[in-house]
Amino acid sequence: MGVETTVASAPAAGDQGDQAALKKNRIQVSNTKKPLFFYVNLAKRYIQQHNEVELSALGMAITTVVTIAEILKNNGLVVEKKVLTSTVGMKDENKGSVVQKAKIEIVLGKSDKFDTLMNAANNHNVAPETTPKDPKDKE
């Protein structure tokens with residue numbers, strides 16, 4: 001599955017803006033391709049760019065999506081907007097039959113504290129290199 005931008009079906013006449021935003025801010029999570037914090041950091045970047053992110057997963061990757069959402073929520077970066085669950089029919093390559101898989105989609109929006117928290121984190125990470133060292137300080 002991996003991280004990829006999915007193309008939604010053709011937008012309705014007055015719907016183009018919403019559909020374009022959904023295509024650009026969806027992360028499809030796999031529990032085998034990338035480490036957890038790759039997705040957490042990618043979600044932060046998408047929220048900075050689009051003010052919200054949609055995380056989606058199938059089957060066993062659902063727990064990974066829930067973990068990502070909880071990390072972002074517990075750090076005060078996002079608010080949960082929507083959680084959708086469903087089942088989708090997928091063709092089993094080995095058997096050739098259609099198998100039902102669980103699917104989850106979680107839409108997270110930027111929290112009021114997002115920019116403040118991100119700036120604090122960025123400044124904290126940058127500060128040691130940019131602060132001139134006092135020659136009297138011993139390491």
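## Helix packing

Helix α2 packs against helix α3 (residues 62-74) at an angle of about 55°, and their axes lie 10 Å apart. This is a predicted model.

On the α2 side, the contact is made by L36, F37, Y39, V40, A43 and K44. On the α3 side, T64, T67, I68, I71 and L72 take part.

## Aromatic pair and a lysine

The count of aromatic pairs comes to one. F38 and Y39 form this pair, with 5.4 Å from centre to centre. Their planes stand 80° apart, and the geometry is edge-to-face. The cut-off for that class is over 60 degrees.

The two partners differ in accessibility. F38 has a relative accessible area of 29% and is partly exposed. Y39 has 0% relative accessibility and counts as buried. Y39 also belongs to the α2 side of the contact with α3.

The ring of F38 has a further neighbour. The charged end of K34 sits over this ring, 5.0 Å from its centre.

N51 is found in the loop between α2 (36-50) and β2 (52-58). N51 is not a glycine, yet its phi is positive, at about 70°. N51 has a relative accessible area of 44%. That value lies between the 20% limit for buried and the 50% limit for exposed, so N51 is partly exposed.

How values were computed. Residues are numbered from 1 along each chain as its sequence is written. This is a predicted model: local features need pLDDT of at least 70, side-chain atom pairs count only at pLDDT 80 or more; totals for chains, interfaces and linings use all residues. Side-chain values use heavy atoms; hydrogens and water are left out. Rings of Phe, Tyr and Trp (its six-membered ring) pair if their centres lie within 6.5 Å; planes under 30 degrees apart count as stacked, over 60 as edge-to-face and the rest as tilted. Buried means under 20% relative accessible area, exposed over 50%, partly exposed in between (1.4 Å probe, protein chains only). A charge sits over a ring if NZ of Lys or CZ of Arg is within 6 Å of the ring centre and within 35 degrees of the ring normal. Helices (H or I, at least four residues) and strands (E, at least two) are DSSP runs, numbered from the N terminus. Axes are lines fitted to C-alpha atoms, for helices over the stretch in contact, and angles run from 0 to 180 degrees between N-to-C directions. Contact means heavy atoms within 4.5 Å.
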